[in-house]
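Please read the points below with the sequence and the model open side by side.

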Amino acid sequence: MSETKQTFNSSLGKKLIMALTGLFLCTFLIVHLGGNLLLFCKDGGYSFNMYANFLTHFPPIEVVAYILYASILVHALYAIILTTKNRKARPIGYAVATKAPASWSSKNMGLLGSILFVFIVIHMGDFWYKYKFTNTVAFKEYRTNLATGERTEAAYTPEKADFEHSQSFDGNTEIIRVKDLHARVQESFSQLWYVALYVIAMGALTFHMAHGFQSAFRTMGWVHRKYTPIVEFIGTWFFGAIIPLGFAAMPVVYYFMK
């Protein structure tokens with residue numbers, strides 16, 4: 001067995017893979033939040049629908065998306081393997097339990113990760129799967145006067161079942177027809193159970209990221225007296241507070257504005 005294979009088959013190797021996939025998922029969270037904030041644009045869902053259409057029809061983005069899905073599965077799988085191995089190694093808990101707040105996050109990463117994984121499955125099934133593989137998401141037509149910038153919107157019914165999107169021009173008017181994911185989001189966020197699930201998941205994300213982000217750097221050996229406090233600050237306040245609050249705000253605002 002090669003040294004590389006031995007390394008990645010070891011506990012340290014598995015932790016390294018978890019650290020790398022975790023940091024990749026952190027990057028995704030930033031991009032995903034930025035795109036989802038388009039939901040707050042007062043433009044009839046135009047910006048968000050164009051963003052969703054771009055994500056699902058631009059080949060390089062689609063490749064990155066499948067890498068993302070693989071990262072989620074690998075991260076979850078290795079978490080299960082390491083958790084199971086640790087429990088077998090220490091079937092009886094420590095005699096003295098620490099009361100430190102950070103300790104609760106580290107001891108419950110499995111629970112927090114499980115909540116997030118269930119949420120991701122439901123979330124992707126409700127939006128990504130229905131958007132990509134079903135005809136349950138309606139279409140919308142946007143007509144924009146290129147001279148004045150004035151835009152109108154209306155429901156659109158495709159003539160063909162395999163229609164996905166189109167862009168055409170009628171004089172100075174740009175006509176864009178895309179799937180109306182914005183309406184799907186509005187429908188989902190009008191349901192109290194879904195909003196509650198979303199908020200609970202973001203609470204789990206808060207604790208998961210507060211510990212996981214800085215833990216990833218420690219696993220890779222990137223520990224420095226000068227920079228570690230910065231990493232801890234970013235993990236606690238940016239990924240552990242700002243990112244989850246940004247995501248949680250969307251369903252809450254939509255629910256009370258319905």
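1. With which residue does K140 form a salt bridge, the closest N and O atoms being 3.7 Å apart? The partner is D180. A salt bridge here is a side-chain nitrogen of Lys or Arg within 4 Å of a carboxyl oxygen of Asp or Glu. K140 belongs to strand β1, while D180 sits in the loop between β4 (173-179) and α7 (181-188), so the two are 40 residues apart and the pair links distant parts of the chain.

2. A word on the source. This is a predicted model, in which local features need pLDDT of at least 70, side-chain atom pairs count only at pLDDT 80 or more, and totals for chains, interfaces and linings use all residues. Residues are numbered from 1 along each chain as its sequence is written, and side-chain values use heavy atoms, with hydrogens and water left out.

3. Helices (H or I, at least four residues) and strands (E, at least two) are DSSP runs, numbered from the N terminus. Buried means under 20% relative accessible area, exposed over 50%, and partly exposed in between (1.4 Å probe, protein chains only). On this scale D180 is buried at 8%, and K140 is buried at 13%.

4. K140 also forms a salt bridge with E153, where the closest N and O atoms are 3.0 Å apart. E153 lies in strand β2 (residues 151-156) and K140 in strand β1 (residues 139-145), so this pair ties together parts that are 13 residues apart in sequence. E153 is partly exposed, with a relative accessibility of 43%.

5. How many salt bridges does the rule give? The count is nine. One of them joins E141 and R143, with 2.9 Å between the closest N and O atoms. E141 is buried at 10% relative accessibility, whereas R143 is partly exposed at 31%.

6. Turning to the rings, a search of the whole structure finds 23 aromatic pairs. Rings of Phe, Tyr and Trp (its six-membered ring) pair if their centres lie within 6.5 Å; planes under 30 degrees apart count as stacked, over 60 as edge-to-face and the rest as tilted. Y129 and F133 form a tilted pair, at 5.5 Å centre to centre with 40° between the planes. They are four residues apart in helix α6 (residues 109-133), which means that about one helical turn separates them. Y129 is partly exposed, with a relative accessible area of 42%, and F133 is partly exposed, with 47%.

7. The rings of Y194 and Y198 also form a tilted pair, with centres 6.3 Å apart and planes at 45°. Both residues lie in helix α8 (residues 192-219), four residues apart, or about one turn of the helix. Are Y194 and Y198 buried or exposed? Y194 is buried at 2% relative accessibility, and Y198 is buried at 2%. Ring pairs link Y194 and Y198 into a cluster with F119, F127, F189, W193 and Y254.

8. Last, charges over rings. A charge sits over a ring if NZ of Lys or CZ of Arg is within 6 Å of the ring centre and within 35 degrees of the ring normal. The charged end of R151 sits over the ring of Y46, 3.6 Å from its centre. K179 lies over the face of Y131, at 5.4 Å from the ring centre.
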